[in-house]
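Here is a short report for a first look at this structure. Keep the view open as you read.

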Amino acid sequence: MELNLTGMTTERRNPRTMQLDTMSELEIVTVMNEEDARVPLAIAKKLPEIAQAAHWAAEAFAAGGRLFYMGAGTSGRLGVLDAAECPPTFGVDPGQVVGLIAGGERAFIKAVEGAEDDRDLGRSDLEAHGLTAKDVVVGIAASGRTPYVLGGLAYAKSVGCKTAAIACNPGSAVGKAADLAIEVEVGPEVLTGSTRLKSGTAQKLILNMISTASMVRAGKAYQNLMVDVMQTNEKLHVRAENIVIDATGVDRAEARRAIDAASGSVKCAITMLLAGCGAEEAARRLEEAGGHVRAAVGL
């Protein structure tokens, strides 16, 4: 693809920061804060599209499929970050939400020359993970024209996956290549072309929405509590107790006894306490309810 950045919103100069190099530190952070405030307003215009991507992800999870994020540079790093946070937050297998960055894991720390310009690499990275039609692929590209992402989206569509694209330029190439375009126009960056700023913030907020909404719909929350949180350190052991206390009203000692009886499962402990049953019965109820505590308690 011929590289042409002319006309892209993400590459334009911001008229509010033409004198950026003469500003004091306070003036710089003030104008950055003012520009950042525009991001949620831009995202608000695309909530139906974001909700659709989350719905597809939830459907994929229910069918045993996976959610893939793929991007290059900052976009890729944000996808990898969101994917990495899903296992501890929602108790899912690390392979359920996968973040792919052009150039592989080493590119998370240091850019890999030429990786983002390789369409075939986007395809081969997905092939290496055994992509199937049950999966959903979300391409992330602030510019909206990253070849790595375009190659991945083209392959995903050929496999039969639902595809979405997150970009910060309208009418983007990745948006046209995907089934669903989430194009959030946040305006020119404070520092011209530095898409780790407003564009990166927009991408992070959208990824938060997609992963959180899809996981909640998949039964990973009861009320607004993280009932599948993994207890990997002392802080999280205490958080698990607090979640059981908040959900059931028991004291800390009883919460801990229930968690221990449930072999560490917060979700099972809550079901036991609310349904007045043992761990085996709670596990059966949760299985029948597809992991949804509210439904399991009502069985």
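## Strand β1 and its partners

Strand β1 runs parallel to strand β3 (residues 136-141), and five bridges join the two. In this pairing, Leu 67 stands opposite Val 136 of β3. Keep in mind that the model is predicted.

β1 has another partner. Five bridges also link β1 to strand β2 (residues 97-101), again in parallel. Here Gly 71 stands opposite Ile 101 of β2.

## How enclosed is β1?

Five of the five residues of β1 are buried, so the strand is largely enclosed by the rest of the structure. Both of its faces are covered. Leu 67, Tyr 69 and Gly 71 lie on one side, with Phe 68 and Met 70 on the other.

Setting aside neighbours within four places in sequence, Leu 67 is in contact with Ala 57, Phe 61, Gln 96, Val 97, Val 98, Val 136, Val 138 and Ile 210.

Where does Ala 72 lie? Ala 72 is in the loop between β1 (67-71) and α4 (73-90). Buried means under 20% relative accessible area. Ala 72 has 11% relative accessibility, so this residue counts as buried.

Not counting residues up to four places away in sequence, Ala 72 touches Ala 102, Glu 116, Ile 140 and Thr 146. Gln 96 is 24 residues from Ala 72 in sequence. In space, their C-alpha atoms are 20 Å apart.

## The nonpolar cores

In soluble globular proteins, nonpolar side chains tend to be buried together. The largest nonpolar core in this model has 31 residues. Leu 67, Tyr 69, Ile 182 and Ile 210 have the most contacts inside it. The elements that give two or more residues to this core are α2 (38-44), α3 (47-62), β1, α4, β3, β4 (162-167), β5 (180-183) and α8 (198-217). The largest share, six residues, comes from α3.

A second, separate core has 26 residues. Among them are Val 229, Val 244, Ala 255 and Ile 259.

## Cysteines

How many disulfides does the structure hold? The structure holds zero disulfides. Cys 86 is in no disulfide, and the nearest cysteine sulfur, that of Cys 161, is 18 Å away.

Cys 86 is buried, with a relative accessible area of 1%. Cys 168 also counts as buried, at 1% relative accessibility.

Technical notes:
Residues numbered from 1 in each chain as written. Predicted model: local features only at pLDDT ≥ 70, side-chain atom pairs only at ≥ 80, totals over all residues. Heavy atoms only, no water. Helix = DSSP H or I, 4+ residues; strand = E, 2+ residues; numbered from the N terminus. Buried < 20%, exposed > 50% of the residue type's maximum accessible area, 1.4 Å probe, protein only. Contact = heavy atoms within 4.5 Å. Pairing = 2+ DSSP bridges. Disulfide = S-S within 2.5 Å. Core = buried A, V, L, I, M, F, W, Y, C linked by side-chain atoms within 4.5 Å.
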